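Please look at the sequence and the model before reading each solution.

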Amino acid sequence: MGEKSTPLLAVLQLLKKYNLKGTEEILRKEANLGDTEFQNLDLPEVEIANILSVHHTESDPFTYEHAYDCLKKFIENSLDICKYELSTLLYPVFVHMYLSLILYDHNEHAAKFLERFGQEQEDYYQDDLQQLSIVKAKEQIKGNELAEIYSTNKFDVQLSRDSSSQLKRFLHEQKSSPVIINIINNHILIDIHDGPGRTQAQVKATAGGILGEASRNENRAKVYYGLLKEPYIEVLATPPEDEEEVEETPDKPKKKKAKKDNVFMKKPKVDPNAPPTDRIPLPELKETDKIEKGKALREASKRVQLGPETLPSICFYTLLNSGHTALCADICDDSSLLAVGFNTSTIKVWTLTSVRLRGMKSVDKLQDIDKEAGDVLVRMMEEKDRDTCRTLFGHSGPVYKVAFDPFKTLLLSCSEDSTIRLWSLQCWTCVVVYRGHVWPVWDVRWSPHGHYFASASHDRTARLWATDHHQPLRFFSGHLSDVDCVQFHPNSNYVATGSSDRTVRLWDCLTGTQLRLMTGHKRPILTLSFSVCGRWLASGGGGGEVVIWDLSSGAPAAHLPPHHTAPVTALAFSRDGALLASGSLDCTIKLWDFALITDESANDENIASSSPAKEEKILLRSFATKNSPLKNLHFTRRNLLLAVGSYEGSS
């Protein structure tokens, strides 16, 4: 029967009291109530009167405006230490009052209520209110995405104990008009925290989610954000091959490798936050992969240390005649290949070095090759047929994301056709088509260790896949709107997602559970990037904002000064973790002093409260492109910044 204190059950008992058996029986049949359940019904008369009077009050359209006015005046007259926290109640109460008026068929009153109080709500809620204003009758509530979200979920509001007691006192005084009391009881979750009330800046830093702030219980689980101990010794134990490939004197590479060995081997030993090495089964490295890692370490030994005084050089690749057709781009880890996805369903792969792209030999020629030979992969490739660009066909809709695997042998792509495709970069064909999402797939990313990849879709889910499985290994379900972007943690144990519901979430690949819910963005989140150390997560939003999150607590560590004037579409950390680069549709690249940001967050906890002078120090440099919005940013192993954008003609 659910709770006994409902208008329906109160009416039934009233009918029984006045012996109106026919009406009572019809109502019972319609409500599907059995005899035994009804016999146990015994509400006190005072409660019946109260329930029915409340129902009568709620159905009176004039009480809503008066009640909302009272709540506003109460908040305005509250002490500053409570005012800003209590003001977060205004939006959810306003929304549920509007929906209640629609439910009681007071459509004209609802329209007037929306017109009068809608403009007073925060800027970042105006788009939501625009979507809610479409609901003009109660039949339309079911088809409206936002109305359904608000009807079936509770809005989270965090209050201090002082703010909570003030609110209770106000509600006690409003007993004659119980509209607000019922909305708070049924649709708002008040999360009480210890300590003083929060300031306006602190409230604003975490506000903005469709369902308010993240509750404190959401972010209590432990996150192993440290880096895994990599098998560097095995990788470095192949000097003869390295020496043959790099025609240098034999002493120099050995010296450099020995130095890097010491540097890299120290990190895992002192990282207490790393997960157990066997927590997630990771693939064993093949010989070719080990050689590739050896090259990476040699390149890293020549890396430039970046900082405020030593900014990186930037190499910008401009895609011409593709202003509105090129949708995404990616550069492989060793910076030798560039892939671009187009709205014509095609993918193009270019070589960025003098080494051209080779195709595979024909079937007749492949039969003559000795399969046991050590260089069988080299012999399989055509010697004469070499191109600077290859085109991949297969998708039947716009390609929204392309991603190279860590070892440059495979390419992933996702499309509006709701499929993910795996392409071989040796035979230049599609190897596997992964079907599972039923709506367009917006993003796909490889695990830093290969083998696993994650996808994000319009169906409000993200999924974890393995290259050798046709079906997803894990479903990450919980977002209230499109999952727009996804990113793997450097230790491959976690996946972060950003959504149009204005939240960033962190998921555990082992269990599939949500470990962090991070609120603070005021627009949809379009791109994510983990710091080199694994503790920090940077997210770029549709309003040009960049937020840095601390994974240890799930709290925003810093809101970067709002210098971008259009959505942020690309973020990249330098290989030493000292700088953060952001690229936007406003055709600019900005370099931020990440070391200073994390220092500030340790001291002040919120960079938004720091002085303008400090904010200027955080932004190191801004670079403008020639009317070319950014598609991708990538730091090479030596810390050169590569950027990709498509020229959109003279403005």
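Predicted model: local features only at pLDDT ≥ 70, side-chain atom pairs only at ≥ 80, totals over all residues.

**Exercise 1.** Determine how the axes of H7 and H8 are arranged, and which residues make the contact.

Solution. Two packed helices are described by the angle between their axes and by the distance between those axes. The axes of H7 and helix H8 (residues 107-117) come within 8 Å, and they cross at roughly 160°. Angles over 145 degrees count as roughly antiparallel, and H7 and H8 are therefore roughly antiparallel to each other. As for handedness, H7 passes H8 in a left-handed crossing. On the H7 side the contact is made by Phe94, Met97, Tyr98, Leu101 and Ile102, while H8 contributes Asn107, His109, Ala110, Ala111, Phe113, Leu114 and Phe117.

In the loop between these two helices lies Asp105, which has a positive phi of about 65° although it is not a glycine. With a relative accessible area of 45%, Asp105 is partly exposed.

**Exercise 2.** Identify the residues that touch the most other members of the largest nonpolar core.

Solution. This core holds 49 residues, and those touching the most other members are Met97, Tyr150 and Leu167. Helix H7 (residues 90-103) gives the most to the core, with ten residues. If residues up to four places away in sequence are not counted, Met97 touches Tyr64, Ala67, Tyr68, Phe113, Val179, Ile180 and Ile183.

**Exercise 3.** Is Lys72 buried or exposed, and which residues beyond its sequence neighbours does Lys72 contact?

Solution. Lys72 belongs to helix H5 (residues 62-76). Its relative accessibility is 17%, so Lys72 counts as buried, the limit for that class being under 20%. Once neighbours within four places in sequence are left aside, Lys72 is in contact with Leu90, Phe117 and Glu120.

**Exercise 4.** What share of the protein's residues is buried, and how many helices and strands does the protein have?

Solution. Buried residues make up 51% of the 651 residues, and the secondary structure comes to 21 helices and 31 strands.

Terms used
Residues numbered from 1 in each chain as written. Heavy atoms only, no water. Helix = DSSP H or I, 4+ residues; strand = E, 2+ residues; numbered from the N terminus. Buried < 20%, exposed > 50% of the residue type's maximum accessible area, 1.4 Å probe, protein only. Core = buried A, V, L, I, M, F, W, Y, C linked by side-chain atoms within 4.5 Å. Contact = heavy atoms within 4.5 Å. Axes fitted to C-alpha atoms, helices over the stretch in contact; angles between N-to-C directions. Parallel < 35°, antiparallel > 145°, perpendicular 65-115°, else oblique. Left-handed = near helix turned anticlockwise from the far one by under 90°.
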